[in-house]
Structures are given as structure tokens and as C-alpha cells.
Amino acid sequence: MRALRALTLFFLILGLGVAPVLGNGGKGKTTVYRAEVRQGEGEPIQFSAELEAILFRLNSVRNKYKVVRVKIVNDSSNSLKLSPDQDKIELLFNTGEAPMQGILNLSKRDAALWDSLPADLRQALAYPRIVEAGEEENVFVFIADPNLARLPRHIRYHVASLPDPVEMRDITAAAKR
């Protein structure tokens, strides 16, 4: 009987110690931000970003910038014009807290780092000037805080050619409700 109690206690303690590390995907879950806008009639233009908390904390560009990739899928029949000088992007965290500004034109903001990148990488990271109808483009947003460890609540993208900012909201949180 004493051996049975000891064995039961052993497995109970073992179970308590192991439970937090069991895989439920919690450590590697992706936070998805999405928004849609319409230019007149027709299909929408979709904006999305995906961030994985652990990788976001670990990764930075030369210990200077975090990077967020915004994917734009233009299913409309009109091109979407972008401007590296007029467009702006912000990460919003808590209510009342000032938004964190993103950098869309790294070549202008940090020419030394930009010039040190290989030509093919600069071409891939360059801010696009247009998203043609029926096409998609990636916009790489640089955040000048290499130690940023938390994910934003939402991302606000001011595209000069659109009448209102694009509010990419965390749809992962909405799906949990």
C-alpha cells in the first residue's frame, strides 16, 4: 500500500511538472493582423501581417531594427499607389500610450545600413510604389527598437492614396472569444 501511495505521489508530481511544457502550440502561436479596404466598387484590397511572439523577440536587423512584413493583396480592379515619402505606419499598444512609428523607407532613414545590404536584398526590401490590380506586394516595416519584446494590439497604416488609415486588427484575439 505504501509503495502504491509513493508511486501515485511520484506520478502526480511528475504530471504537475510536465503539464506546463506539454505542446499545445502556445509558445509558437502566430498573431494575425488583418484589414480590408475598398476603392470604389468591386473586390477589396487586403492588408495583413503575422507576428510570432518568440521570433519577434529574438530577431532584429543588425541589432537596430525589428521587422514587420505587411502583405497587400490587391483584388480590386484599380492599382493602389504607394508613396515612401507620404505613407506612414504605426504600431499601437495600450490605450493612451503613444504609437510607435514604423520606418517604410529605410534607405532614407539609415543610408549606411541600407548601403551595406546586398543589392538583391535591398531590392526585396525596397518600399513598392504601386500594387497593381490583381497583384500582391510585401511592405517591410522597420521598427527602431531592437529590444521591443511585445506585440502591438493593432497596426495603423496611412496610405496617402486612400481616404482613411488602414486599421489592421489582431484577428487572433477575436477568434479566441
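The legends below describe close-up views of a predicted model. Because the model is predicted, local features need pLDDT of at least 70 and side-chain atom pairs count only at pLDDT 80 or more, while totals for chains, interfaces and linings use all residues. Residues are numbered from 1 along each chain as its sequence is written, and side-chain values use heavy atoms, with hydrogens and water left out.

**View 1. An open sheet is formed by eight strands in the order 6-5-9-10-1-2-3-8.** The pairing in this sheet is antiparallel, where two strands are said to pair if DSSP finds at least two bridges between them. Helices (H or I, at least four residues) and strands (E, at least two) are DSSP runs, numbered from the N terminus. Strand 6 (100-101) and strand 8 are the edge strands, each pairing on one side only. Strand 1 is joined to strand 2 (residues 45-52) by eight antiparallel bridges and to strand 10 (residues 166-170) by two antiparallel bridges; in the latter pairing, Tyr33 has Asp170 as its bridge partner. Strand 9 and strand 10 also pair in the antiparallel sense, over four bridges, and His154 has Arg169 of strand 10 as its bridge partner.

**View 2. Val37 lies in strand 1, which covers residues 30-37.** Val37 counts as buried because its relative accessibility is 18%, the classes being buried under 20% relative accessible area, exposed over 50% and partly exposed in between (1.4 Å probe, protein chains only). In strand 2, the residue that stands opposite Val37 is Ile45. When residues up to four places away in sequence are not counted, Val37 touches Pro44, Ile45, Phe47, Leu162 and Val166, a contact being heavy atoms within 4.5 Å. Val37 and Glu167 are 130 residues apart in sequence, and their C-alpha atoms are 9.5 Å apart in space.

View 3. Thr172 touches Thr30, Thr31 and Val32, residues up to four places away in sequence not being counted.

**View 4. The largest nonpolar core has 29 residues.** A nonpolar core is a set of buried Ala, Val, Leu, Ile, Met, Phe, Trp, Tyr and Cys residues joined through side-chain atoms within 4.5 Å. The residues with the most contacts inside this largest core are Phe47, Val70, Ile72, Tyr157 and Met168. At least two core residues come from each of strand 1, strand 2, strand 3 (66-74), strand 5, strand 8 (136-143), strand 9 (154-158) and strand 10, and strand 2 supplies the largest share, four residues. Beyond its neighbours within four places in sequence, Val70 is in contact with a set of residues including Ala49, Ile89, Val139, Val141, Tyr157 and Met168. A second, separate core of nine residues includes Leu106, Leu113, Trp114 and Phe140.

**View 5. The structure holds five salt bridges.** A salt bridge is a side-chain nitrogen of Lys or Arg within 4 Å of a carboxyl oxygen of Asp or Glu. Asp110 and Lys64 meet through their side chains at 2.7 Å, N to O; Asp110 lies in the loop between helix 3 (106-109) and helix 4 (111-116), and Lys64, 46 residues apart from it, in the loop between helix 2 (53-58) and strand 3. Asp110 is buried, with a relative accessible area of 8%, whereas Lys64 is partly exposed at 37%. In another salt bridge, the closest N and O atoms of Lys108 and Asp85 are 3.4 Å apart. Arg156 and Glu167 form a salt bridge at 2.7 Å, N to O; Arg156 lies in strand 9 and Glu167 in strand 10, so this pair ties together parts that are eleven residues apart in sequence. Salt bridges that share partners join Glu90, Arg156 and Glu167 into one network.
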